[in-house]
Each structure stands twice: as structure tokens, then as C-alpha cells.
Amino acid sequence: MASVTSQHVEAASTLAVIASSNEPLLFLSADLNVIAASASFCRTFQIDAAGIPGRRLSEIGGGEWAMPQLHSLLMATAGGTTPIEGYELELALMGQQPRSLVLNARKLDDGDNDRVRLLLAISDVTAARAASREKDDLIREKAILLQEIQHRVANSLQIIASVLMQSARKVQSEEARGHLQDAHHRVMSIAEVQRHLAASSLGDVSLRPYFVQLCESLGASMIQDPNRLSIVATIDDSVVNANTSVSFGLIITELVINALKHAFPGNRHGKISVDFRSDGAKWALSVVDDGIGMATGSDKAKPGLGTGIVEALAKQLGGKIIVRDAKPGTSVCIVYDELVAKRREALPTA
């Protein structure tokens, strides 16, 4: 008698816990009769609580829970095969939008193998799924818009480059022609940066393919005789963010253009080597030519626009510029400098 009383107390406690739960819960027998339902379940699915106990799951409400696949899964759970974990379904309610539900069901073990009980927990994720779909739609629209912008920017850069080249052909002044050609090469370099960034979907840029393509683009636009001059890029597996890649790309553009313009006068043969490697936060970028070397004394060239661009970008990256005589040729190496980087970080942001 004491054991029976204990079981009755325990069963009453279980039913009370389920009934008062804030989560939609169903307490089921082995043949999927509903023993108890939480108030939250009745409220969420607008079912009269008084009409639930003793009815089969497929009979409650308007019959919307009569789903063969759900029935099969619950019977398998009752048979001890496997619990239901995160099973998602659409519940069709008469006169309402379908509800997205996530179900979890488990066979309860109270030590009595002849008495099978299932606890079915239902999560209504309709709002979350709608929000997720809306977010996906916004991301898709943003991607389409970004693709359109990138397409227009690429076209605009090509138009600007064409105008600069046409202008360079028309002007009489050699100095003006040189400036226009330099501007053309810079625009083409930026176009290459833009094209590469457009293909980088994750925001990080792998430097090897980018720098190799950049050097090929510079060579194709500036070297008339590939048998006389060449550009070789040796790049490790570094990956940086988009802004950093742009700065490195512009530095390479300026240094390669400068070498092509000044290191190989006449029909001198030669090679320009571009090298980049990194180790953690440290990195080193070098552009080395085997040309005539650095001019000295009165022949030493005055710093121009390109030099200013390289100095500004190197400082922005926390790099220090080292220029030396490569014997033969000139070596320009920019290395990460912790002191420069800290000074840069200490500056107020614009």
C-alpha cells in the first residue's frame, strides 16, 4: 500500500510539473494518448485543455497533429529505438499561417518497463524562421547591390583609364605625357585591386594570386618587350584584410612603376623582383631591380608623387622603408616596425 501511494504521489507531481510548465509540453502514453498537456501548449495552439487528456495525439485540436511521420517517430521513441532531437516540421492550422515547430521527444525511464511514457517538447520557431528568412533576403539584396556597384566601379575605372591614355597620346609635352601615363597605370592598378577584392567574398585577401596578377597587369601595360624586362613575384601564403591588401598593392604599383621608368634606360635588360612574406604580425615587402642603381649627387632625383604615396602607405601599415644599393640595381624594402606601428595606433582616428 505504501508503494502504491508513493507512485500516485509521484504521478501527480509529474502531471503538476507538466501542467505548470512555461514550455509547450505533452505527456504521452505508449500508444500516443495524451496524459497531460502544459498550459503553454494549450495557449500556444489554442486548444481547450479540458478536452485533451485521454485523447490520441492525432485527435486533439482540429486534427492538425495527425501527421504520419510524426506518429512513426514517436512510436520509434516509445519503442526505445531513438529519441527525437530537433525534428522540425510545419504545422498547418486551419485559417492560420503554418507554424514552424522544433520537436524533442524522449522516453521517460521510471524503472517500470511495462509503463512507457513519452515527454514531447515543442518549440514554436515561426518568428525566428521568419526573421532568418528576412535576414537572408536582405543579405541577398545587399549582395546583388554590391555586385552592381562593383560592376559600375570597374566600368568607370576602365573609362577613366581609357581617357587618360587617349589624352597621353594627344599631348605634345613629354612631361605631361609621362604624368598622364603614370596616372593611367595607377588607375589600372586600382582597377586590379577592385577586381580582386570583388572576387574575395569573405573580406580577407590572399596576397599571392593578387600580387601575381597585379605584377602581370603592370608588365602587360608598361613593358613593350617582355624579352628585355620582366617582373617576378615571390609571395608566401599570407592573407590580410581588404584595406591592408589595397595599401600593399598600391605600394607595389608605385615601386614597380618607378623601377620601370628609371632603372633600365635605353634598351637595358633587367628584372624586377617583388617579394612578400610574413610571420605573425611581422611582414616584409621588397621590390628589387638589377638596373643602373641609385643616382647620387646632383643626378639624384627629387622625391615625387610616387614617393609620397609609398611613404604615406608604409606609415599607415606600420612599416619602415629601407632603400639600399643592390649592386647592381636598387632595393626598396618595407618592413613591419613595431615602434612605427605603435605611433600609428596612438594617432587619433579621423
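How closely do the axes of H6 and H7 come, and at what angle do they cross? The model is a predicted one, in which local features need pLDDT of at least 70 and side-chain atom pairs count only at pLDDT 80 or more, while totals for chains, interfaces and linings use all residues. Residues are numbered from 1 along each chain as its sequence is written, and side-chain values use heavy atoms, with hydrogens and water left out.

The axes of H6 and H7 come within 11 Å and cross at roughly 30°, where axes are lines fitted to C-alpha atoms, for helices over the stretch in contact, and angles run from 0 to 180 degrees between N-to-C directions. H6 is therefore roughly parallel to H7, a term for angles under 35 degrees, with those over 145 counted as roughly antiparallel. Helices (H or I, at least four residues) and strands (E, at least two) are DSSP runs, numbered from the N terminus. Residues of H6 including Leu207, Phe211 and Met222 meet residues of H7, among them Val246, Ile252 and Leu260, contact being heavy atoms within 4.5 Å. By class, this contact of H6 with H7 has 13 nonpolar, three polar and one charged residues; Ala, Val, Leu, Ile, Met, Phe, Trp, Tyr, Cys and Pro count as nonpolar, Asp, Glu, Lys and Arg as charged, and the others, Gly among them, as polar.

The axes of H7 and helix H8 (residues 305-316) come within 9 Å and cross at roughly 150°, which makes H7 roughly antiparallel to H8. Ser247, Leu250, Ile251, Glu254 and Leu255 of H7 make the contact with Gly306, Ile309, Val310, Leu313, Ala314 and Gln316 of H8, and the residues of this contact divide into seven nonpolar, three polar and one charged. The crossing of H7 and H8 is left-handed.

H6 and H7 also contribute to a pocket: together with helix H5 (174-199), helix H6 (207-222) and helix H7 (242-262) are the elements that give two or more residues to the lining of the second largest pocket. The largest share of this lining, four residues, comes from H5, and the lining residues divide into six nonpolar, five polar and four charged.

Two backbone features lie in loops. The peptide bond from lysine 327 to proline 328 is cis, with omega near 5°, and proline 328 is placed in the loop between strand E11 (319-325) and strand E12 (330-336). Glutamine 46, although not a glycine, has a positive phi of about 50°, and is found in the loop between helix H2 (39-44) and helix H3 (68-78).

Terms used: Angles under 35 degrees count as roughly parallel, over 145 as roughly antiparallel, 65 to 115 as roughly perpendicular and the rest as oblique. A crossing is left-handed if the near helix is turned anticlockwise from the far one by less than a right angle, and right-handed if clockwise.
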